[in-house]
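Please look over the sequence and the model below before reading the numbered points.

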Amino acid sequence: MKGVSVRKIKKICVFCGANSGKDVAFFNAAFHLGEVLGKRKIDLVYGGGKLGLMGCVSTAVAQHERQVLGIIPSAFTINNLVGETCGKEIKVATMQERLVMMMELSDAFIALPGGFGTLEELFQMISWAQLSIHNKPIGVLNINGFFNGLLSFVDHAVKQEFITPRARKILISATTADELVDKLQAFRFEPDPALSKLKWSPSSSQKEKLDLTLRL
């Protein structure tokens, strides 16, 4: 991308459904995203297992000999609920611990089509960026208009002055994997002058987990 500084992205965390969805285009696009990451020598962080789009994108990345890391709550591994993770696996105790680890180990985030869990992960990362807990780019791969309604709602919230125009820039969207990764690499974080003054400190626990307690 000429004239644009490029962010170095080594690992991308992908949020997506444990189902494949109704439209085969979702599955094909997830696999293509994995191929794009592999060809660009970008490693994958994801939620673990081999179901649905999660298994699809992880398989594609692994086939290109890139590292795949699945971060999965221990509860999901009982009775092989989500299948075997494609690559290295880290088990955590809670969903919150999983999301914090994903944030810490990734350079950027992409959401593919999915359900409530995918949306929760997406908006949690957006909220943490707004609060300057991290400054990493976040995007949605808008396959066949899947995220059109969500993007329209976010723009509606901006018009109703619940989301600032500055915060709206946190959420990137594109219709192809290559375009989206290009946009993530070109992303420039614009912190909110007030929120960027908040103090977020790591806890003193032995595991050094991120403590998201607000320090006023």
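1. This is a predicted model, in which local features need pLDDT of at least 70 and side-chain atom pairs count only at pLDDT 80 or more, whereas totals for chains, interfaces and linings use all residues. Residues are numbered from 1 along each chain as its sequence is written, and side-chain values use heavy atoms, with hydrogens and water left out.

2. The sulfur of C56 is 8.4 Å from the closest cysteine sulfur, in C16, which is too far for a bond; a disulfide here is a pair of cysteine sulfur atoms within 2.5 Å. C56 counts as buried, at 4% relative accessibility, where buried means under 20% relative accessible area, exposed over 50% and partly exposed in between, with a 1.4 Å probe and protein chains only. For C13, the closest cysteine sulfur is also in C16, at 9.1 Å, too far for a bond, and C13 is buried with a relative accessible area of 0%. The structure holds zero disulfides.

3. Helix α8 spans residues 177–186, and its buried residues are A177, L180, V181, L184, Q185 and A186; helices (H or I, at least four residues) and strands (E, at least two) are DSSP runs, numbered from the N terminus. The cover over these buried residues includes β1 (11–15), α1 (24–39), β5 (108–111), β6 (138–141) and β7 (171–174). Q185 has a relative accessible area of 17%, and its side chain makes a polar contact with the side chain of R40 at 3.4 Å. A polar contact is a pair of N or O atoms within 3.5 Å; within protein, one must be able to donate a hydrogen and the other to accept it, and residues adjacent in sequence count only if both atoms are side-chain atoms.

4. E121 lies in helix α5 (residues 116–130) and counts as buried at 11% relative accessibility. Leaving aside neighbours within four places in sequence, E121 is in contact with F15, R98 and L99, contact meaning heavy atoms within 4.5 Å. The C-alpha atoms of E121 and F15 are separated by 6.9 Å, although these residues are 106 apart along the chain.

5. The largest nonpolar core has 32 residues, of which I12, V14, L33, L37, L44, I110 and L112 touch the most other members; such a core is a set of buried Ala, Val, Leu, Ile, Met, Phe, Trp, Tyr and Cys residues joined through side-chain atoms within 4.5 Å. α1 gives the most to this core, with seven residues.
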